[in-house]
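These are my notebook entries on a structure that I had not examined before. I set down what I looked up, entry by entry.

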Amino acid sequence: MYFVEILVPIAICVVLPVLIVWLIGRVRQNETNRKAEIMLKAIENGQSIDPEIFKGKKKKASIKQDLLDKLNGACITSLMGVAFLLVMLFKVGDDYGFDAFLPYAAGAMLAVGIGLFVSYFVGKKMMAKEIEAEEKELE
């Protein structure tokens, strides 16, 4: 039992992030290798080569989309904070020793949620003219 109590946090805090970073690196490397293969085949066949193929295609998100993403994050984190508070109040999960963890998790989630709500409303107010200009540009 003691072994599992040590192994689970190590797996979550060390192994999982390392595995995620490794997987993302492998995906990017595979994508680059495929693009390089395409370029080599094009050179072999005498085709014209587009030098832009290796540049990342990043779409610039609109101001309105950024604000909606903040609102979405605010709703999710705030609701999770409220859920943690409710779990703490009704003593659900008492068998697993989460009592010491829940107030901190609830406070952190609520703080992040409230911060994102504030950021959303302030950004909406400050960027009203820019949002309106973007909408006119799209029409």
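**Entry 1**

I began with Gly107, which I found in helix H3. Helices here are DSSP runs of H or I with at least four residues, strands are runs of E with at least two, and both are numbered from the N terminus. The model is a predicted one, in which local features need pLDDT of at least 70, side-chain atom pairs count only at pLDDT 80 or more, and totals for chains, interfaces and linings use all residues. Residues are numbered from 1 along each chain as its sequence is written, and side-chain values use heavy atoms, with hydrogens and water left out.

I noted a relative accessibility of 36% for Gly107, which therefore counts as partly exposed (buried is under 20% relative accessible area, exposed over 50%, partly exposed in between, with a 1.4 Å probe and protein chains only).

**Entry 2: H2 against H3**

How do the axes of H2 and H3 cross, and within what distance do they come? I read that the axes of H2 (residues 63–89) and H3 (residues 102–126) come within 7 Å and cross at roughly 155°. The axes are lines fitted to C-alpha atoms over the stretch in contact, and angles run from 0 to 180 degrees between N-to-C directions. H2 and H3 are therefore roughly antiparallel (under 35 degrees is roughly parallel, over 145 roughly antiparallel, 65 to 115 roughly perpendicular, the rest oblique).

**Entry 3: H1**

I checked the length of H1 (residues 2–45): at 1.5 Å a residue its 44 residues should span 64 Å, and its end C-alpha atoms are 63 Å apart, which agrees. The expected span is 1.5 Å times one less than the number of residues. I recorded a bend of about 40° at Ala11 in H1, the angle between axes fitted to the seven residues ending there and the seven starting there. The buried residues of H1 are Lys35, Met39 and Ala42.

**Entry 4: Ala128 and the whole chain**

I placed Ala128 in helix H4 (residues 128–138). Ala128 is partly exposed, at a relative accessible area of 38%. Its C-alpha atom is separated by 9.3 Å from that of Lys64, 64 residues away along the chain.

Lastly, I counted 4 helices and 0 strands in the protein chain. Of its 139 residues, 14% count as buried.
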